[in-house]
Amino acid sequence: AMDTEKQKVRLSESAGYVSGEFIYLYPPGIPLVAPGEVITSKLLRVISECRKRNMQVQGMEDMSGKTVQCAVRADAG
């Protein structure tokens with residue numbers, strides 16, 4: 001998923017997409033999702049809760065954290 005074609009997807013709308021990048025909490029650098037894993041609605045709730053607690057959610061190319069790079073779906077045609 002890291003080496004495949006990617007598309008930007010709004011993080012809030014990314015449930016069901018395959019992540020093309022890491023999303024992690026820093027410190028200490030614990031991955032919440034790795035490239036190749038499906039982004040779930042539960043993960044999006046966890047990210048939202050972490051942000052509410054002023055925890056640093058990092059790893060996305062978009063430093064604002066509003067979009068995530070996702071692998072282009074094979075059936076996207």
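Two strands pair if DSSP finds at least two bridges between them. By that rule, β2 (residues 23-25) and β3 are an antiparallel pair with 3 bridges. Helices (H or I, at least four residues) and strands (E, at least two) are DSSP runs, numbered from the N terminus. What you're looking at is a predicted model, where local features need pLDDT of at least 70 and side-chain atom pairs count only at pLDDT 80 or more, while totals for chains, interfaces and linings use all residues. Residues are numbered from 1 along each chain as its sequence is written, and side-chain values use heavy atoms, with hydrogens and water left out.

**The chain overall**

- The protein chain has 1 helix and 5 strands, laid out along the sequence as β-β-β-α-β-β.
- Its radius of gyration (taken over C-alpha atoms) is 12 Å, close to the 11 Å that the globule rule gives for 77 residues, so the chain is as compact as a globular protein of that length. The globule rule is 2.2 Å times the number of residues to the power 0.38.
- Along its principal axes, the C-alpha trace spans about 40 × 20 × 20 Å.
- Buried residues make up 30% of the 77. Here buried means under 20% relative accessible area, exposed means over 50%, and partly exposed is in between (1.4 Å probe, protein chains only).
- Take the contacts (heavy atoms within 4.5 Å) between residues at least 6 apart in sequence: 60% of them join residues at least 24 apart.

**The three-stranded sheet**

- An open sheet is built from 3 strands in the order β3-β2-β4, with antiparallel pairing.
- β3 (30-33) and β4 (57-58) sit at the edges, each pairing on one side only.

**Helix α1**

- Helix α1 (residues 41-52) packs on the sheet and touches β2, β3 and β4. Its direction makes about 135 degrees with that of β3, where axes are lines fitted to C-alpha atoms (for helices over the stretch in contact) and angles run from 0 to 180 degrees between N-to-C directions.
- With 12 residues, α1 reaches 17 Å from first C-alpha to last, close to the expected 16 Å at 1.5 Å a residue. That expected span is 1.5 Å times one less than the number of residues.
- L43, L44, I47 and C50 are the buried residues to look at in α1. They cover an arc of only 125 degrees around the axis, so they lie on the same side of α1; the arc is that of the directions from the helix axis to the C-beta atoms.
- The buried residues of α1 pack against β2, β3 and β4.
- Turned away from that buried side, the other face of α1 carries exposed K42, R45 and K52.
- Just after α1, N54 takes a positive phi of about 60 degrees.

**The β1-β5 pair**

- β1 and β5 pair in the antiparallel sense over 5 bridges, with V9 standing opposite V68 in β5.
- β5 (residues 67-71) is mostly covered, with 5 of its 5 residues buried.
- From β5, T67, Q69 and A71 point one way while V68 and C70 point the other, and all are buried.

- R10 is in β1 (residues 6-10), and T67 is in β5.
- R10 is partly exposed at 46% relative accessible area, whereas T67 counts as buried at 16%.
- The two are 57 residues apart along the chain, yet their C-alpha atoms are separated by 4.3 Å.
- Leaving aside neighbours within four places in sequence, R10 is in contact with K66 and T67.
- Not counting residues up to four places away in sequence, T67 touches K8, V9, R10, L11, E21, M60 and D62.
- For T67 and E49, the separation is 18 residues in sequence and 17 Å in space, C-alpha to C-alpha.
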